[in-house]
Amino acid sequence: MSIVLITILTLAGLGALAAVILYLASQKFKVFEDPRINQVEEALPAANCGGCGFPGCRAFAEALVKADDISDLNCPVGGADVMATVANILGKEMGKSDPLVAVVRCNGTCEHRPRLNEYEGATSCAVAAALYGGETGCSYGCYGLGDCVEACDFNAMYMDEKTGLPVIIEDNCVACGACVDACPKEIIELRKKGPKSRRIFVSCVNQDKGAVAKKACDVACIGCGKCAKVCPFDAITIENNLAYIDYDKCRLCRKCVPVCPTNAIHEINFPPPKPKPAKEQEPANTPESSN
Amino acid sequence: MLKTFSLGGIHPADRKISAGKSIEVLPLPKRVVVPLAQHIGAPAKTELKKGDQIKTGQVIAKSGGFVSANIHSPVSGKVFKLDEVVDASGYRKPVIIIDVEGDEWDESIDRSETLKTEISLSSEEIIKKVGEMGIVGMGGATFPAHVKLSPPPGKKCDVLIINGVECEPFLTSDHRVMLEKGDELIVGVKILMKALKVDRAVIGIENNKPDAIQHLTTLTENEQGIEIQPLKVQYPQGGEKQLIDAVIGRQVPSGKLPIEVGAVVHNVGTTLAVYEAVQKNKPLIERVVTVTGPGVSKPSNFLARIGTPVSQLIEAAGGLPDNTGKVIGGGPMMGKALSNLEVPITKGSSGILVLPHEEAHRKPVENCIRCGKCVSVCPMGLEPYLLMIEAEKELLDRAESDNIMDCIECGSCSFTCPANRPLLDYIRLGKGNVGKIIRNRN
């Protein structure tokens with residue numbers, strides 16, 4: 001009987017001692033964590049896409065809490081709503097950020113850009129780009145092997161079998177930039193979504209001289225500079241035989257679109273222009289899928 | 001028991017159908033396209049202008065650094081244009097286009113056929129000459145030869161190895177050089193020995209070329225210090241590290257150059273070019289190119305000027321067969337498919353291989369069954385299946401610690417894989433990405 005008693009008392013004593021040590025240790029080595037980090041993390045979409053530039057939502061929440069000024073930080077997935085909630089929790093001023101969307105700056109479909117050779121290596125743009133200049137005469141354009149589609153976590157891209165080019169589903173795209181990083185040819189760009197989702201961009205990245213580019217692809221930008229001349233807002237620059245429209249300067253007047261001799265400038269989600277017949281419009285201008 | 005390298009290796013059918021064909025001089029093309037980057041290292045720089053009149057053998061582009069090489073005009077004529085054209089890789093690269101007019105050689109070049117055995121230049125003069133004459137490794141790697149002849153301070157070379165292995169199936173250009181230019185080759189070996197200040201040279205030849213082994217053995221009977229080493233047929237024995245292992249049994253440590261174990265390796269083609277440069281003052285403006293393939297009506301070994309379009313070589317070999325599926329620059333194992341036939345022959349073009357449709361395509365890729373065949377054939381002792389996954393998933397730190405940079409891209413893993421996995425494709429991608437990180441670190 002006494003053995004049982006001794007055992008119980010010893011164990012209880014040991015337990016109590018351990019409890020005291022643990023309590024003291026937890027007081028001594030306590031790490032203070034700002035409770036707002038958890039609150040902010042809960043407000044974030046938990047997509048962990050990395051679109052904000054931080055490794056996951058938790059790291060972004062920590063950065064938000066730590067920063068004095070959060071106007072440069074933005075969650076592209078949550079957009080203005082989420083950032084407003086976060087700013088509310090933290091009592092800080094939120095930044096102004098226009099929603100962005102990914103655009104594919106290549107229109108070299110099978111029709112416009114004839115295939116000169118056949119690639120049958122591993123189905124990966126990165127592998128193909130490390131190996132050679134691609135199946136067509138344009139070594140800048142889309143390889144069509146779908147690394148961007150593979151990288152997209154939001155079901156916002158698919159490969160169009162007919163054109164051989166990726167298509168961005170605008171409503172799903174959160175502008176996390178995963179496809180931009182995945183593309184070895186730097187074809188995909190994040191651009192301002194624009195008012196009513198309307199935007200204008202040069203759908204080409206070919207830096208060859210005009211004649212060479214045109215020979216490889218019917219719809220290549222030949223760097224002629226007509227668009228830059230006609231632009232009233234100095235939004236268009238020509239560099240390395242390639243026009244680029246600065247979306248901060250562009251006022252969507254659309255004067256550049258009809259002057260382009262190769263139809264390399266695309267307008268998205270605009271109503272058909274009144275004075276011109278509808279055939280001037282790009283075929284990819286359906287409201288839900290546009291690239 | 002014949003010597004060979006100790007790790008891995010495969011045995012593709014050798015199919016040397018052009019082995020019996022003597023070297024033919026290819027007629028001059030009407031126009032040559034000479035790329036400015038024909039070697040590893042900095043591209044050469046040119047000061048020519050459109051319309052300049054040039055002679056065969058004249059320097060047309062100067063070496064762009066220590067690891068670089070001069071480029072000489074392969075023909076005489078007028079500069080048509082300095083331009084950028086699509087090369088074998090599909091990217092546009094700077095070239096000099098020359099319209100051929102006659103064939104007037106620079107006066108300093110000795111064009112006689114007489115064998116000149118006496119080596120009058122000193123070691124330093126030989127290395128300088130080899131540099132000036134634009135000689136690069138002609139086995140395919142195109143590493144500037146003078147760099148290999150100048151060991152870094154503190155390193156000493158004690159044996160010169162001449163690579164007469166030609167382990168790629170189909171190719172026979174080195175084989176023909178050994179048979180037809182044996183005398184010149186031996187003088188070339190002596191020149192290289194003098195440049196490196198070594199008294200031992202070994203010529204490694206696989207024993208599927210018994211005539212070459214026989215011929216060179218006879219020629220070197222009375223030579224001091226030059227040995228002929230027959231080797232067991234095994235791919236990729238022509239790899240530098242594999243050849244050193246096979247011939248003298250020394251292993252080059254990971255990430256190090258052959259000089260670490262006191263060896264320098266030169267290809268037989270390079271050795272012949274060194275002979276011509278040092279004894280005849282002739283720069284590297286032409287080379288032996290094998291044009292071959294199962295459907296080619298006249299498989300041949302041509303002596304072609306650098307810059308000749310591939311299409312002309314194929315024409316001379318009887319034209320492109322009807323069922324052509326792929327034209328490869330180099331051999332079937334390490335060569336690269338050409339994206340167009342107007343690309344020129346460069347200093348590193350050892351062969352043109354025309355494959356019919358049925359042999360030109362890859363088989364459907366299946367899942368890895370973890371059979372380990374790729375591991376057992378890898379001559380560098382790597383684990384290709386693992387490196388492929390690491391490269392694909394961008395686990396670059398792990399790929400680096402698994403020695404991805406040691407891969408010599410021989411393709412044995414892809415060749416042997418029963419599931420047809422594109423192992424080398426991904427490993428090459430991983431090598432590029434890891435290489436970028438390593439360069440940025442320094």
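**Figure 1. Chain B of this predicted model is divided into two domains.** Domain 1 takes in residues 1-26 and 116-361. Domain 2 covers residues 373-441. The C-alpha centres of domain 1 and domain 2 of chain B lie 26 Å apart. Where the two domains of chain B touch, domain 1 gives 14 residues and domain 2 gives 15 residues. Which classes of residue does domain 1 of chain B bring to this contact? Its side holds eight nonpolar and six polar residues, and no charged ones.

**Figure 2. Four strands of chain B form an open, parallel sheet.** The order across the sheet is β10-β9-β8-β11. Strands β10 (226-231) and β11 (263-267) of chain B stand at the edges. Each has a single partner strand, so one side of each is left without a neighbour in the sheet. Neighbouring strands of this sheet are turned by 25° against each other on average, direction ignored. Look next at one pair. Strand β9 (residues 201-206) of chain B runs parallel to β10(B), and six bridges join them. At one point of the sheet, B:Glu206 stands opposite B:Leu231 in β10(B). What holds paired strands together in a sheet? They pair through backbone hydrogen bonds, in either the parallel or the antiparallel sense.

Figure 3. From its first C-alpha to its last, α4(B) reaches 21 Å, close to the 21 Å expected for its 15 residues at 1.5 Å a residue. Is α4(B) mostly covered or mostly open? It is mostly covered: twelve of its 15 residues are buried. Among them are B:Leu185, B:Ile186, B:Val187, B:Ile191 and B:Leu192. Two charged examples, B:Glu184 and B:Lys190, are buried too. Just after α4(B), B:Lys197 takes a positive phi of about 55°.

**Figure 4. Six strands of chain B form an open sheet with mixed pairing.** Follow the order across it: β1-β13-β12-β16-β14-β15. The edge strands are β1 (23-25) and β15 (336-337) of chain B, and each pairs on one side only. Now take two strands from inside that order. In which sense do β12 (residues 286-292) and β16 (residues 351-356) of chain B pair? They pair in the parallel sense, over three bridges. B:Thr290 stands opposite B:Gly351 in β16(B). A helix also meets this sheet. Helix α3 (residues 173-180) of chain B lies across β1, β12, β13 (300-305) and β16 of chain B. It runs at about 125° to β12(B).

**Figure 5. Chain B and chain A are in contact.** Chain B gives 14 residues to the contact, and chain A gives 13 residues. Which element supplies the largest share of the chain B side? Helix α14 (residues 423-441) of chain B does, with five residues. By class, the chain B side divides into four nonpolar, six polar and four charged residues.

**Figure 6. Chain A is divided into two domains.** Domain 1 covers residues 35-90, and domain 2 covers residues 100-280. Their centres, taken over C-alpha atoms, are separated by 31 Å. Five residues of domain 1 and seven residues of domain 2 of chain A make the contact between them. The domain 1 side has three nonpolar and two polar residues, with no charged ones.

**Figure 7. Strands β6 and β7 of chain A form a hairpin.** Strand β6 (residues 236-239) and strand β7 (residues 242-245) of chain A pair in the antiparallel sense over four bridges. The bridge partner of A:Ile236 is A:Ile245 in β7(A). How many residues lie between the strands of this hairpin? There are two, and A:Asn240 takes a positive phi near 50°.

Figure 8. Just after α4(A), A:Gly91 takes a positive phi of about 65°.

Notes: Residues numbered from 1 in each chain as written. Chains lettered and ligands numbered in written order. Predicted model: local features only at pLDDT ≥ 70, side-chain atom pairs only at ≥ 80, totals over all residues. Pairing = 2+ DSSP bridges. Axes fitted to C-alpha atoms, helices over the stretch in contact; angles between N-to-C directions. Domains from an automatic or database assignment. Expected span 1.5 Å × (residues − 1). Buried ≥ 20, exposed ≤ 12 C-beta atoms within 10 Å, placed from the backbone.
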